[in-house]
Amino acid sequence: MEMQELLDELYSYSLHGIKLGLENIQKICEALGNPQNNYKIIHITGTNGKGSTSTIIETVLLKAGYSVGKYTSPHILKFNERIRVDGEDISDKDISEIYKIVKEKIEELKITPTFFEVTTAMMFLYFSRKKIEYAILEVGMGGRFDATNVVQSDIAIITNVSLDHMEYLGKTIYEISREKAGIIKEKSYVIIGDNQEDFLKAIKEKTENFIDVIEKYKSVDYKLNFEKFNTDIFLEDKKYQLSLFGDYQVKNFLCAYEALCKLEVPKSIIEEAIKEVIWQCRFEVYRKNPITILEGAHNIDGIKNLKQIIEKEYLKDEVVLIVSILKDKKIKEMLKVCQEMSNNIILTSLKENPRGLSAKELYDYSDKNKVFISIEDMQEAYTYAKSLNKKIIIVCGSFYTCEKFKKEVELC
């Protein structure tokens, strides 16, 4: 089977929608010989920060000499990014071989799994075949009924909770936190990066044994470096130069730091490795002239975090935003926050995505004032943004917006 044909078939499982539950993945894993039990597990959930936290841990463990697998979603440019071993994306050849095995088991079991269940099973099998020591697993959605939750985690990290995916996870912080707390297992070393009252209530119902990094490391200090776009973190008489940028990255770093300390990774290795962390579309400096930033910021908290950073260095009239938001998000609220950081907002299209909107549809959610303009084509949007001659251009609103920008925009 040609690679594109294989991926088209794999993506066709998306037609089965999102089905939270463990029955399918348990059956597939059992049929595969439970490969998820063959390595140590670092399991990460949270509304925001999962990708950054997992990538910090991955980078440091690799620097320390361990064999490491990492599973994240969504991908930015190609499917292979979701499944990585020792810093390398899974190859097309391995995707083909692994998918064939998993597909045979699915047909034998006569079940109809979702796209995420199939890819999760592929990941478990691939990691086992590669004989990794640590698997870093990013939850797809929630935790309790997420396909990744068939594991018995050694370390469970919950970065934070805000109101997102409410149609699946619950209407309140407490309800959503209970779902995310589902990744906590009896032997898990539990790390949290949030201290909201309702969040803590849900965690304490699951376990009293957890490390709250906000409390444990309350003496932490940091400085955003707008020249290098990195974050200088001052902790326990050391300066850590995190290559990821943003106030919110400090708590992600602390969650990762606590996990790495638990694994007895030397501080000197942490110090060196975090200078090298690369995570796509998290305040990614994609071009320096003009400064062009790609930032996933796919929900209200993400947009607020972005605003907090931008306000420290730029005036509203110095910023251009290129924005597209998925229709199942809090669009009006997100656009309101966008208005608070920029007087120049270009709304563009994600209509090719089943959850996306055209620029015109997105414009209808806005205040329809002179701050907003709709341009369907991404290349045209960027060309117009450059013509405004502002200090910084930010592409945001969804990882899919950033993905489309990378695929379609010529930077010349």
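Trainee: Which hand does the crossing of helix 3 and helix 10 have?
Mentor: This is a predicted model, in which local features need pLDDT of at least 70 and side-chain atom pairs count only at pLDDT 80 or more, while totals for chains, interfaces and linings use all residues. Residues are numbered from 1 along each chain as its sequence is written, and side-chain values use heavy atoms, with hydrogens and water left out. A crossing is left-handed if the near helix is turned anticlockwise from the far one by less than a right angle, and right-handed if clockwise. For helix 3 and helix 10 the crossing is right-handed.

Trainee: Are helix 3 and helix 10 parallel or oblique?
Mentor: Helices are DSSP runs (H or I, at least four residues), numbered from the N terminus. Axes are lines fitted to C-alpha atoms, for helices over the stretch in contact, with angles from 0 to 180 degrees between N-to-C directions; helix 3 (residues 50-63) and helix 10 (residues 248-262) pack at about 45°, their axes 9 Å apart. Angles under 35 degrees count as roughly parallel, over 145 as roughly antiparallel, 65 to 115 as roughly perpendicular and the rest as oblique. Helix 3 is therefore, relative to helix 10, oblique.

Trainee: How many charged residues are in the contact of helix 3 with helix 10?
Mentor: Contact means heavy atoms within 4.5 Å; Ser52, Thr53, Ile56, Ile57, Val60 and Leu61 in helix 3 meet Gln249, Asn252, Phe253, Cys255, Ala256, Ala259 and Leu260 in helix 10. Ala, Val, Leu, Ile, Met, Phe, Trp, Tyr, Cys and Pro count as nonpolar, Asp, Glu, Lys and Arg as charged, and the others, Gly among them, as polar. By class there are nine nonpolar residues, four polar and, of charged residues, none.

Trainee: How many of the 14 residues of helix 3 are buried?
Mentor: Buried means under 20% relative accessible area, exposed over 50%, and partly exposed in between (1.4 Å probe, protein chains only). Among the buried residues of helix 3 are Lys50, Glu58 and Leu61. Helix 3 is largely enclosed by the rest of the structure, because the buried count is 12 of 14.

Trainee: What distance separates the end C-alpha atoms of helix 5?
Mentor: The expected span of a helix is 1.5 Å times one less than its number of residues. For the 15 residues of helix 5 (residues 115-129) this should give 21 Å, and the separation in the model agrees, at 21 Å.

Trainee: How do helix 2 and helix 5 lie, roughly parallel or roughly antiparallel?
Mentor: Helix 2 (residues 23-31) and helix 5 pack with their axes 10 Å apart, at an angle of about 30°. Asn24, Ile25, Ile28 and Cys29 in helix 2 meet Glu117, Thr120, Ala121 and Phe124 in helix 5, a contact of five nonpolar, two polar and one charged residue. By their angle, helix 2 and helix 5 are therefore roughly parallel.

Trainee: Is Glu179 buried or exposed?
Mentor: Glu179 is in helix 7 (residues 173-180). Leaving aside neighbours within four places in sequence, Glu179 is in contact with Gly142, Gly143, Arg144, Phe145 and Leu169. Its relative accessibility is 13%, so Glu179 counts as buried.

How values were computed: Helix = DSSP H or I, 4+ residues; strand = E, 2+ residues; numbered from the N terminus.
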